[in-house]
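Here's a quick briefing on how the pieces of this fold sit against each other. Have a look at the model first, then we'll go through the packing and the sheets.

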Amino acid sequence: MFFEINLNNTILNVKLENKKHIKHCYLRVLKKDLIQIRANRYFTIGDAKDLIIRKKEWILENIIKLEERQNLLADEFLFLGKTEKLNEYKIKNLDNFYKKEIEKYIFPFIEKYSNLMNLHPTKISFRKNKRTWGSCNYKNELSFNYLLMKYPLEIMEYIVVHELSHIKHKNHSKDFWNLVEEFSPNYKYIEKYFKTLL
């Protein structure tokens with residue numbers, strides 16, 4: 001269902017999706033005037049309005065970020081946290097460029113931390129995902145999102161540590177996070193910082 005709400009003298013459209021299988025509430029800014037809320041079937045419009053008021057600052061910040069990303073000029077792209085010109089790199093296909101470049105940067109991180117942690121992946125692959133930045137399956141095969149090339153290298157380094165840690169711990173248990181923290185002591189800051197970039 002859809003409804004409208006006034007936030008800082010701006011009318012926002014809210015798309016509320018109630019699903020039976022959802023345990024938590026998910027809030028996303030889809031456009032500068034459109035918010036999506038996915039929640040369980042008991043989550044009401046009143047609950048949604050309360051959530052929006054509580055998350056007001058976060059919503060406004062993310063609307064600004066969304067507009068900034070959309071304002072990138074047609075000949076510009078993000079590379080390691082900076083805005084660059086496509087013609088300076090002679091790029092014809094940005095996805096292919098990211099996929100090729102990530103190997104130059106991520107393999108040294110994988111080699112470094114595999115040896116330090118004594119955790120070795122059986123295979124490395126790269127793909128483009130909308131929400132997942134890395135993954136580790138039961139065969140200890142690691143996959144990384146090549147869109148990491150858009151962001152500062154410290155984020156890629158953390159994702160490598162995170163996924164290598166999953167070789168030992170296949171969940172997000174306390175032991176898992178203790179292992180992550182051992183090799184990435186400021187991981188909480190990096191995760192928080194990364195979310196501000198998305």
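Glu154, Ile155, Tyr158 and His162 from helix 5 meet Tyr187, Tyr189, Ile190, Glu191, Tyr193, Phe194 and Leu197 from helix 7, where contact is heavy atoms within 4.5 Å. Keep in mind that this is a predicted model, where local features need pLDDT of at least 70, side-chain atom pairs count only at pLDDT 80 or more, and totals for chains, interfaces and linings use all residues. Residues are numbered from 1 along each chain as its sequence is written, and side-chain values use heavy atoms, with hydrogens and water left out.

**Helix 5 against helix 7**
- Helix 5 (153-168) and helix 7 (187-197) pack at about 125°, with axes 10 Å apart; axes are lines fitted to C-alpha atoms, for helices over the stretch in contact, and angles run from 0 to 180 degrees between N-to-C directions.
- That makes helix 5 oblique to helix 7 (under 35 degrees is roughly parallel, over 145 roughly antiparallel, 65 to 115 roughly perpendicular, and the rest oblique).

- Four strands make an open sheet with mixed pairing, in the order 1-2-4-3; two strands pair if DSSP finds at least two bridges between them.
- Strand 1 (2-7) and strand 3 (26-31) each have a single partner strand, so one side of each is left without a neighbour in the sheet.
- From one strand to the next, the twist averages 30°.
- Strand 2 (10-18) and strand 4 (34-39) run parallel over six bridges, and Asn18 has Ala39 in strand 4 as its bridge partner.
- Helix 1 (45-54) packs on this sheet, touching strand 1, strand 2, strand 3 and strand 4.

- Strand 8 and strand 9 (141-145) run antiparallel, joined by three bridges, and Cys136 stands opposite Leu142 in strand 9.

**The whole protein**
- There are seven helices and nine strands, taken as DSSP runs numbered from the N terminus (helices are H or I, at least four residues; strands are E, at least two).
- The C-alpha atoms fill a box of roughly 55 × 45 × 25 Å along the principal axes.
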